[in-house]
Amino acid sequence: MAATILYRDELKEYDFGPGHPFRGDRYENFLPFLKSRLNPEGHYAVLGAEKASDDDLLTICDKDYVEFNKQYFQAASAGWTYYYEDLNRYQSPDNRPMGCSGKIEEAARYIVGQAKLACDLVQSAQSRKVISIGGGLHHAKRRFGEGFCIYNDVAYTATYLLDRYQLKRVMILDTDAHAANGTAEYFRTDPRVLLVDIHQDPRTIYPGTGFASDVGADSGRGFSVNIPLPPLAGDDSYRLVFDQIVLPLAQEFRPQIIVRNGGSDPHFNDGLTNLGMTIAGFRMMGDTIRQMTDICGGKQIDLIASGYNKDVLPFAWLSLLSGIADFPITVEEPGPIPPRLREDLLLPETQKVVNEVKSFHHDYWKCFR
């Protein structure tokens with residue numbers, strides 16, 4: 001079955017300006033790269049979504065936060081650099097545009113709008129696989145933006161599925177190299193949402209959260225599963241994590257839909273991270289996730305935005321999505337693999353992490369007993 005890809009040119013306005021790691025060209029460059037490798041016919045269709053309204057945003061954000069973002073990012077896109085008194089109250093330093101930025105707040109609304117359309121398409125059976133280019137802004141919180149994220153479309157996706165479609169079991173699989181601190185805050189106490197978060201050891205990377213001991217709170221205990229991988233963990237480590245944690249959890253939880261987010265930053269040559277995945281590893285991960293969605297009738301929403309090496313990003317994105325959507329192509333590595341990463345030497349350390357995760361969740365999941 002063909003996948004649906006959500007994209008529109010306005011996404012390139014999600015651009016924090018020259019010198020910032022998060023630029024908008026990642027979006028406008030990927031679709032031509034995809035089309036050069038795979039003809040859309042029979043494989044995928046590209047649709048545009050409307051931008052989210054204030055009412056949409058208010059399901060996941062406080063009103064004063066939305067109002068501040070409108071004013072601040074509009075001023076930033078016009079090149080106005082004067083100080084906003086409440087800036088530190090609503091945005092972290094890494095969310096401050098450099099120079100003349102794009103229309104960030106407006107583009108963020110399109111990303112949330114894509115999340116909404118993705119839910120509608122899947123739940124109406126118009127498409128079983130929907131891919132939102134630009135989605136996965138998992139650091140944003142209800143009234144604070146950080147980590148290059150303004151509005152958390154991952155949280156919106158799950159919230160909309162729970163409220164609009166009355167789903168009882170939503171699985172969020174976060175494969176970004178950074179822990180999903182924003183998404184975790186939204187669902188920390190909610191047993192309807194199983195958040196499985198695979199990321200680099202928080203002692204070595206932003207945002208410093210996502211330890212294996214964080215299992216959620218109150219009635220949500222056991223539904224936050226953090227898997228902090230050691231730096232340089234590679235393809236075999238990811239395969240181990242899927243085999244021993246992710247797949248058993250999915251089989252026991254029986255999600256009605258799987259929402260995955262994360263881009264190319266687990267790649268060994270990302271630049272901002274220190275993991276060890278290869279392009280072939282992204283395909284393996286995508287294939288595994290596609291097979292896992294058999295549990296929920298193939299229903300999946302994929303949100304993809306991150307990655308900070310422009311030479312790697314399109315290859316990793318396409319390799320991952322080729323697995324998720326079963327595209328009949330092989331994506332090559334854009335450069336040589338360092339000798340130290342040709343074998344996953346961190347596999348024993350990853351096994352220790354897996355054992356630790358199981359021990360913290362022993363009381364909550366039968367599959368770990």
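**The whole chain**

Begin with the entire protein chain displayed, and bear in mind that the model is predicted. The chain contains 11 helices and eight strands. Along its principal axes, the C-alpha trace extends about 55 × 50 × 40 Å. A compact globule of 369 residues would have a radius of gyration near 21 Å, and the 19 Å of this chain agrees with that.

Next, show the surface. Its accessible area is about 14200 Å², and carbon and sulfur atoms supply 49% of it. Of the 369 residues, 60% are buried. Among contacts with a separation of 6 or more, 78% join residues 24 or more positions apart.

**Helix H9**

Select residues 279-292, which form helix H9. The end C-alpha atoms of H9 are 20 Å apart, in agreement with the 20 Å that its 14 residues should span at 1.5 Å a residue. Is this helix mostly covered or mostly uncovered? H9 is mostly covered, with 12 of its 14 residues buried. The buried residues include Ile279, Phe282, Met285 and Ile289, and also the charged residues Arg283, Asp287 and Arg290.

From the first C-alpha to the last, H10 reaches 18 Å, close to the 18 Å expected for its 13 residues. In H10, 13 of the 13 residues are buried.

Move on to Asp326, which follows H10. Asp326 lies in the loop between H10 and helix H11 (347-360). Its phi is positive, about 60°, although Asp326 is not a glycine. Asp326 counts as partly exposed because its relative accessibility is 46%.

**Two further loops**

Select Ala125, in the loop between helix H5 (104-123) and S3. Ala125 also has a positive phi, near 65°, in a residue other than glycine. Is Ala125 buried or exposed? With a relative accessibility of 68%, Ala125 counts as exposed.

Finally, select Tyr206 and Pro207. The peptide bond from Tyr206 to Pro207 is cis, with omega near 0°. Pro207 is located in the loop between strand S5 (193-200) and strand S6 (224-229).

Definitions and conventions. Residues are numbered from 1 along each chain as its sequence is written. This is a predicted model: local features need pLDDT of at least 70, side-chain atom pairs count only at pLDDT 80 or more; totals for chains, interfaces and linings use all residues. Side-chain values use heavy atoms; hydrogens and water are left out. Helices (H or I, at least four residues) and strands (E, at least two) are DSSP runs, numbered from the N terminus. The expected span of a helix is 1.5 Å times one less than its number of residues. Buried means under 20% relative accessible area, exposed over 50%, partly exposed in between (1.4 Å probe, protein chains only). The radius of gyration is taken over C-alpha atoms; the globule rule is 2.2 Å times the number of residues to the power 0.38. Contact means heavy atoms within 4.5 Å. Accessible areas come from the Shrake-Rupley method with a 1.4 Å probe; for residues, only the protein chains shown count as cover.
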